Amino acid sequence: MAALGVDVNVGNDDGESNAGIKVPERVLRRDQARLEEAERRRNVKESQTVTEEKSDFFTSTFNDEKTTVEEMLSSCNHNDRDKSQNTLEEATSKIQQLQKFFNDSMMFLTQYEIRQAQASLQKLQSSLAEKRDELLPKKKFAFRSRNTGATKQPPPDQQTLDKSDAAGTVVVDAAVSVNQCGFSNADSQVLIKQAEEIQQRDVLLSHLTNCKVRLYGCPSTVHIKNVRGCEILSGPVSSSVFVDQCTDSTLVFPCQQLRTHNTTATRIYLHVTSRAIIEDCHGVQFAPFAWSYPGIEDHFKVAGVDPNRNNWREVDDFNWLAAGTPSPNWTVIPETERICSWDVVGQESLQL
């Protein structure tokens, strides 16, 4: 059997050509494969170079901004209270901008770089909170007198809210930061914060059981700790939502970043502009954010959350490193099982 080949013309030294020389197809295929592999390697190298350049730019910019915030916090002191308060507000804004810069850069960062940046951001948030506690007055917990001549007792829901002070600060310890609000230690209650109570403050929800929570506003951050059987809905969060020790609950919120730890059997209706992160979680389900209330469009703008960018199903499981294989710890809620409308719970519910 004659070998398959392709006729080619080969020129000699005298400029004449010898026709009819057959080059086997396997040789041509091998040459073509070699050219394609060289092209692929060149593209990979160029892509790696671009990624490295982006990573270097992120690291340099992030560290410069982090240093700026640290210097601002260090400059705050008791000598000029008004100036220090303005500096703290500016530092808060810069931290939020740095968080957004990190969220937008996550797609080309390594896991190590992501963890380092997250640790730095958390440290900045802690330093900011400590500086606030140091420079701003703290409110002590005290029962408010209700001897106003009215004979009726407040409903259970309102009694729960009275565990917060008049400014909405949750009593977790003997003294708390005036910049934090939320609810703690409640069972089977309806708990509500209106937009004017939140106003870009940190919100803490802890030790709640079978509660319905509504946050009609845009918190700076939301911390959800030790909750069971709860339904928690929030307006746009300007930075991160941190969830820890959550069981058999439903969480609904838009945010820039989600970190979920030690959580089981929980459904999360999410709008997130970066990628959600879970760790030590089991039976967590995700679906796109599906809640609305009057004014939520404006709250998206105030929080700086892009309503057109939602990576709700882009979930990184830090306990599942098998590339190309879906994590068994989370799934997508089937469309037929998703909740499309929620109970109407407003301020009037607390007055029944």
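1. Let's start inside the protein. The largest nonpolar core has 35 residues, and Leu-208, Ile-224, Leu-258, Leu-270 and Phe-286 have the most contacts inside it. A nonpolar core here is a set of buried Ala, Val, Leu, Ile, Met, Phe, Trp, Tyr and Cys residues joined through side-chain atoms within 4.5 Å; buried means under 20% relative accessible area (1.4 Å probe, protein chains only). A second, separate core of 22 residues includes Val-69, Met-106, Leu-109 and Ala-117.

2. A word on the source: this is a predicted model, where local features need pLDDT of at least 70, side-chain atom pairs count only at pLDDT 80 or more, and totals for chains, interfaces and linings use all residues. Residues are numbered from 1 along each chain as its sequence is written, and side-chain values use heavy atoms, leaving out hydrogens and water.

3. Take a look at Phe-286. Leaving aside residues up to four places away in sequence, Phe-286 touches, among others, Leu-258, Leu-270, Trp-312 and Trp-330; a contact means heavy atoms within 4.5 Å.

4. Six of its eight residues are buried, so S7 is largely enclosed by the rest of the structure. S7 runs parallel to strand S5 (residues 180-187), joined by seven bridges, and pairs in the parallel sense with strand S9 (residues 222-228) over six bridges. Pairing requires at least two DSSP bridges.

5. Finally, check confidence: pLDDT is the predictor's confidence in each residue, from 0 to 100. The chain's mean pLDDT is 78, but over residues 138-178 the pLDDT is below 50. Where pLDDT is low, the predicted coordinates should not be read in detail.

Technical notes: Buried means under 20% relative accessible area, exposed over 50%, partly exposed in between (1.4 Å probe, protein chains only). Helices (H or I, at least four residues) and strands (E, at least two) are DSSP runs, numbered from the N terminus.
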